Amino acid sequence: LERVSCPIARDPIVCGKPMNDRRIEFVALDSLRAAPRNPKLHSPQLPASLERWGYVEPMVVDVRTGRLVAWHGRMEALRVMRTRGLGAPDGVRVSAGEWLVPVQRGWASRDDAEAEAFLLASNQLGVDGGNDAVLLAEMLAEASDLDGTGFAAESQSELTEITEWDA
């Protein structure tokens, strides 16, 4: 791990950047740097999701390190799409052949341990909440197209069986 430290305390300026200046900036896809360690595996449906709905949720860059701390899978999926010759999804700009993607800037970790803790939280908190199985089964049953959702047709029947068993 690269050990980079930046004194934060309660200073409104961190490493020369305003601490609370959260903003979206378009940056070159190839300029993004991944965190050195990220245990999260990503859905192979991410490219389909990006094709279907476009680029909706921005990646998050840590001001202190210049590296991603959230949404590594989107970076990987966009690179796969570009390599396959697919067009840039809605929400991604193209300039002189370069894909420019929106990223959130303005957050800075205090140190590498805090950056990794945020990465872990970003990966886990959505999963940790779980789902309301009955409502999820109802919504999946009503969905006409699951492409890019992370669910397969088998999910519909499995959840219906689970909720019928629990009823």
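The model is predicted: local features need pLDDT of at least 70 and side-chain atom pairs count only at pLDDT 80 or more, whereas totals for chains, interfaces and linings use all residues. Residues are numbered from 1 along each chain as its sequence is written, and side-chain values use heavy atoms, with hydrogens and water left out. The protein chain contains 5 helices and 7 strands (DSSP runs numbered from the N terminus, with H or I of at least four residues for helices and E of at least two for strands).

**Overall fold**

- From the N terminus on, the order of elements is β-β-β-α-β-β-α-β-β-α-α-α.
- Of the 167 residues in the chain, 34% are buried (under 20% relative accessible area; exposed is over 50% and partly exposed lies in between, with a 1.4 Å probe and protein chains only).
- Among contacts with a separation of 6 or more, 73% join residues 24 or more positions apart (a contact means heavy atoms within 4.5 Å).
- The accessible surface is about 10200 Å², and carbon and sulfur atoms account for 52% of that surface (Shrake-Rupley method with a 1.4 Å probe; for residues, only the protein chains shown count as cover).

**Nonpolar cores**

- The largest nonpolar core has 17 residues, and L29, L32, Y55, M59, L78, V101 and V103 have the most contacts inside it (a core is a set of buried Ala, Val, Leu, Ile, Met, Phe, Trp, Tyr and Cys residues joined through side-chain atoms within 4.5 Å).
- At least two residues of this core come from each of α1, β4 (59–62), α2 and β7 (98–107).
- Helix α2 supplies the largest share of this core, 4 residues.
- Apart from this core lies another, of 5 residues, including V60, A70, W107 and A115.
- Beyond its neighbours within four places in sequence, L78 contacts L29, L50, Y55, M59, P89, V92, W99 and V101.

**Largest pocket**

- The largest pocket holds about 830 Å³ of space (on a 1 Å grid over the protein atoms alone, a pocket is an open set of points where a 1.4 Å probe fits, with protein on both sides within 12 Å along at least five of seven lines; lining residues have an atom within 4 Å of a point). Grid points are joined across faces, edges and corners, and the volume is the space filled by probe spheres set on the points.
- Its lining comprises 28 residues, with S43, L46, E57, W71 and R74 nearest the centre.
- Helices α1 (46–53), α2 (72–83) and α3 (112–128) each give two or more residues to the lining.

**Helix α1 and selected residues**

- In α1, the residues L46, P47, A48, S49 and L50 are buried, and the buried residues of this helix pack against α2.
- S49 has a relative accessible area of 18% and is therefore buried; excluding residues up to four places away in sequence, S49 touches G54 and G148.
- G54 follows α1 and has a positive phi, near 85°.
- N123 is found in helix α3 and is buried, with a relative accessible area of 17%. Leaving aside neighbours within four places in sequence, N123 contacts N38, P39 and K40.

- Most residues other than glycine have a negative phi.
- W71 has a positive phi near 75°, lies in the loop between β5 (68–70) and α2, and is partly exposed at 32% relative accessibility.
- A96 has a positive phi near 50°, lies in the loop between β6 (93–95) and β7, and is exposed at 88% relative accessibility.
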